[in-house]
Amino acid sequence: MKQSLAVIFGGVSSEHEISLLSSFSILSHLDREKYDVHMLGITRAGRWLSYEGPLERIKDGSWEGHASCRPAYLPPDRGVRGIVRGDEVIPVDVVFPVLHGVGGEDGTIQGLFEMAGLPYVGCGVAASANCMDKALSKQLFAQAGLPQCPYLALRRSEAGSVAAMADRCERELFYPMFVKPSNTGSSIGIGKAKSREELEAAIETALRYSDCVIVEKCVDAREIEVAVMGNREPVAACCGEILPAREFYDFSAKYEDENSRTVIPADLPHALSERILDTAVRAYRAAGCEGLARVDFFIDRADGKLYLNEINTLPGFTNISMFPKLFMATGYSYAGLLDRLIELAHERAAL
């Protein structure tokens with residue numbers, strides 16, 4: 001008997017377009033012999049629409065104008081347990097939220113699923129919220145004794161003006177510095193500052209996306225990513241390395257520059273690779289992750305030190321995304337990986 005699977009895409013965050021690309025890939029690989037797939041799109045304005053049109057229109061963002069779109073939503077009422085569309089209720093067995101960033105990866109929609117009593121793919125409310133806020137996750141990592149680059153978390157409400165933020169950065173860190181919003185992904189809003197002018201400009205940019213800014217010591221580093229999957233017994237795939245075509249792996253380097261490359265598995269000594277995989281699982285557990293996550297690291301080229309960068313609780317599933325590529329390198333097919341993630345959603349709901 002087929003499972004009724006709701007795939008939710010789009011969303012209100014700055015990563016809306018990446019969600020569309022991830023959703024297109026997932027929807028293209030789901031085994032339709034196993035799942036009755038119901039597509040729910042969320043517009044940038046926050047409208048929920050049932051969609052039954054071609055997948056290609058999700059990829060290019062034109063799905064919203066398709067004639068099949070109808071208002072629909074998932075209510076928190078456990079007596080419903082499905083999609084409400086007009087007078088119709090479509091029963092749902094499990095939800096796959098393919099929503100990156102605010103409103104999809106920060107615990108908010110996960111809370112809706114919990115209230116509705118619906119199994120769902122990915123991390124729970126607390127882990128999603130903690131990992132979305134880089135300032136909070138860094139505190140969790142510090143408590144777990146995990147290695148991190150020197151950093152400052154500057155909240156607008158506490159730090160005051162941009163000039164005051166820059167003053168503190170210059171007192172406690174050295175140029176160059178990386179500046180990033182505390183609660184975005186897909187490398188959106190990230191800047192590298194080599195001077196006071198660049199620092200203030202980077203802080204102003206980051207504040208457009210978040211009320212908290214993370215400023216880190218800049219390390220000339222190799223960028224290593226690890227995919228982790230599981231609930232009580234998480235497993236890590238192999239290490240992958242990012243080779244950005246630009247000075248650092250910003251949004252353009254990630255999604256627009258075809259010269260950026262990934263190496264899977266990463267060319268690392270066996271002992272170092274094993275240490276990274278072990279650290280990834282430790283970080284996953286420390287943050288309370290379940291289902292899946294991608295754990296990112298830096299290796300300092302100068303001294304070989306390993307630093308934990310961040311955890312993404314709903315990593316990309318586009319054609320260039322590392323999470324599926326890393327598990328596919330260990331023997332999974334794309335469809336098999338999706339099956340396993342859905343199995344984990346049911347497994348966690350039954351715990």
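Modeller: Gladly! Helix α10 (residues 270-286) lies across β12, β13, β15 (291-300) and β16, and runs at about 130° to β15. Helices (H or I, at least four residues) and strands (E, at least two) are DSSP runs, numbered from the N terminus. Contact means heavy atoms within 4.5 Å, and angles run from 0 to 180 degrees between N-to-C directions of lines fitted to C-alpha atoms, for helices over the stretch in contact.

Colleague: Where does helix α12 lie?

Modeller: Helix α12 (residues 334-350) lies across β12 and β15, at about 60° to β12. A caution: this is a predicted model, where local features need pLDDT of at least 70, side-chain atom pairs count only at pLDDT 80 or more, and totals for chains, interfaces and linings use all residues. Residues are numbered from 1 along each chain as its sequence is written, and side-chain values use heavy atoms, leaving out hydrogens and water.

Colleague: What is the order of the strands in the open sheet?

Modeller: In general, strands of a sheet pair through backbone hydrogen bonds, either parallel or antiparallel. Here the five strands follow the order β14-β13-β12-β15-β16, with antiparallel pairing; pairing requires at least two bridges found by DSSP. The edge strands, β14 (261-263) and β16 (306-312), each pair on one side only. Neighbouring strands of this sheet are turned by 30° against each other on average, direction ignored.

Colleague: How many bridges join β12 and β13?

Modeller: Six bridges, in the antiparallel sense, link β12 (residues 221-230) with β13 (residues 235-243). The bridge partner of Met229 in β13 is Val235.
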